[in-house]
Amino acid sequence: MADRVLPGSYSTAFGSPFVHPTSDTNKEPDPEPDPNTIRHPWLSSTETYIVQVAKDQIYRVPPPENAYLVERYRNQVTDRTKRSLVLVFLGWLCVSLLVLLVLFSIVSVIFFIIVRPGEPQFTVDQVHVKNSTAMSPEYDFIMSLSNPSKSMSYSFEKDGAAFLSYNGVNIAIGQTPELEQDSKSTSKINFVLHGLKIVVPKHIAKALKGSNDDLELELELEIRVSAKAWGLDVDGMHIAVNCDMTSQGLVKEPRIKTQSCKTRFRS
C-alpha cells in the first residue's frame with residue numbers, strides 16, 4: 001500500500017495548491033500498487049487540503065434584503081412610468097379640449113357677426129270685441145311681428161296657445177295662426193280669442209256695454225317655433241310672449257294707450 005501524504009507535507013508557498021510529497025533517499029521504493037486497491041487521495045475523508053485564492057477573486061453572496069430593495073426600485077420605476085403616461089395623456093386631452101373650445105368660440109363669433117340672431121318682437125296694434133252681448137264674446141287681436149335678425153328666419157307653427165286676463169282672471173282663450181317670418185321683416189298677425197262662459201269682472205262687463213274706460217289687460221302667447229340660418233334648421237324651440245297693455249274701451253273705437261311686450265325663448 002502506498003504511504004499517505006500528511007497534511008503538513010503540502011507546500012503553501014506563493015499560494016500554490018500543488019502538492020509536494022516528502023522525499024526520503026534512504027527509503028526503498030514502494031512496490032507497484034494494485035490497481036484494484038488503489039485509493040485516490042481526493043476521495044479520502046481523513047485528508048485535508050488547503051487551497052489559497054487571491055483576495056480579489058473572492059465574491060460574496062449579497063444579503064437577501066438586496067432583492068427586496070431591487071424589486072422596490074423596479075416597482076417605483078414602473079409606477080413613475082405609468083404616472084408619466086397618464087400625465088401625458090391628460091396633457092394631450094386638455095390641449096385637444098382647449099383647441100376645440102377655441103374653434104367653437106371662433107365659429108360662434110363668426111356666426112353671430114354674420115347672422116346676428118334676435119328675438120322676434122310682438123306689438124299689439126288693436127283689440128276689438130265682437131258680439132259683445134253674447135255669452136261668449138270674441139276678442140279680435142291684430143299684432144305686429146318684427147324679426148330683427150340679419151340672416152335668420154322664423155317659422156311659427158299654428159295652434160299656439162293664447163290667453164287674455166284681467167287682474168289675474170282669464171276671460172278669453174284661443175289659438176295663434178301659422179306664420180313664416182323672414183329676416184329683417186315685419187308682418188301682421190290676426191287671431192280671435194273666445195270669451196269664457198264665466199261671470200266677468202265688473203269693469204269688463206261695463207266695457208262690453210260700450211264704456212271707454214281704461215282697462216289693464218294681459219295677453220300671453222305660447223308658440224312653437226323653428227329657426228333657419230345658413231340652410232340649417234333648429235327645431236323644438238318655444239317662444240313665450242307676455243304683453244301688459246292698457247286699452248281704452250273694447251267695443252266703441254277701442255285704442256291701445258300703453259303696452260309692454262316681452263319675448264323669450266324656451267326649450
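The legends below describe close-up views of a predicted model of one protein chain.

**View 1. Overall fold and confidence of the protein chain.** Residues are numbered from 1 along each chain as its sequence is written, and side-chain values use heavy atoms, with hydrogens and water left out. Because this is a predicted model, local features need pLDDT of at least 70 and side-chain atom pairs count only at pLDDT 80 or more, whereas totals for chains, interfaces and linings use all residues. The secondary structure comes to 2 helices and 10 strands, where helices (H or I, at least four residues) and strands (E, at least two) are DSSP runs numbered from the N terminus; along the sequence they follow the pattern α-β-β-β-β-β-β-β-α-β-β-β. The chain averages a pLDDT of 80, with 73% of the residues scoring at least 70, pLDDT being the predictor's confidence in each residue, from 0 to 100.

View 2. Over residues 1-24 pLDDT stays under 50, and the model has 19 contacts for them beyond four places in sequence, a contact meaning heavy atoms within 4.5 Å. Where pLDDT is low, the predicted coordinates should not be read in detail.

**View 3. Residues 84-114, listed by UniProt as "transmembrane region".** This feature comes from an unreviewed UniProt entry, and such annotations, given here in the numbering used for the model and with shortened feature names, may be inferred rather than shown by experiment. In the model, residues 84-114 are 100% helix and 0% strand, with the end C-alpha atoms 45 Å apart. Confidence in the protein chain is lowest in helix 1 (residues 65-115), at a mean of 78, and highest in strand 4, at 96.

View 4. Leu164 is found in strand 4 (residues 160-166) and counts as buried because its relative accessibility is 0%, the classes being buried under 20% relative accessible area, exposed over 50% and partly exposed in between (1.4 Å probe, protein chains only). Leaving aside neighbours within four places in sequence, Leu164 is in contact with residues including Tyr139, Phe141, Ile171, Leu193, Leu217 and Met245. Of these, Leu217 lies 53 residues from Leu164 in sequence, and the two are 7.1 Å apart in space, C-alpha to C-alpha.

View 5. Strand 9 (residues 232-248) and strand 10 (residues 255-266) run antiparallel and are joined by 11 bridges; two strands pair if DSSP finds at least two bridges between them. Cys243 has Cys261, in strand 10, as its bridge partner. Between the strands the hairpin has 6 residues, and Gly249 takes a positive phi near 80°.
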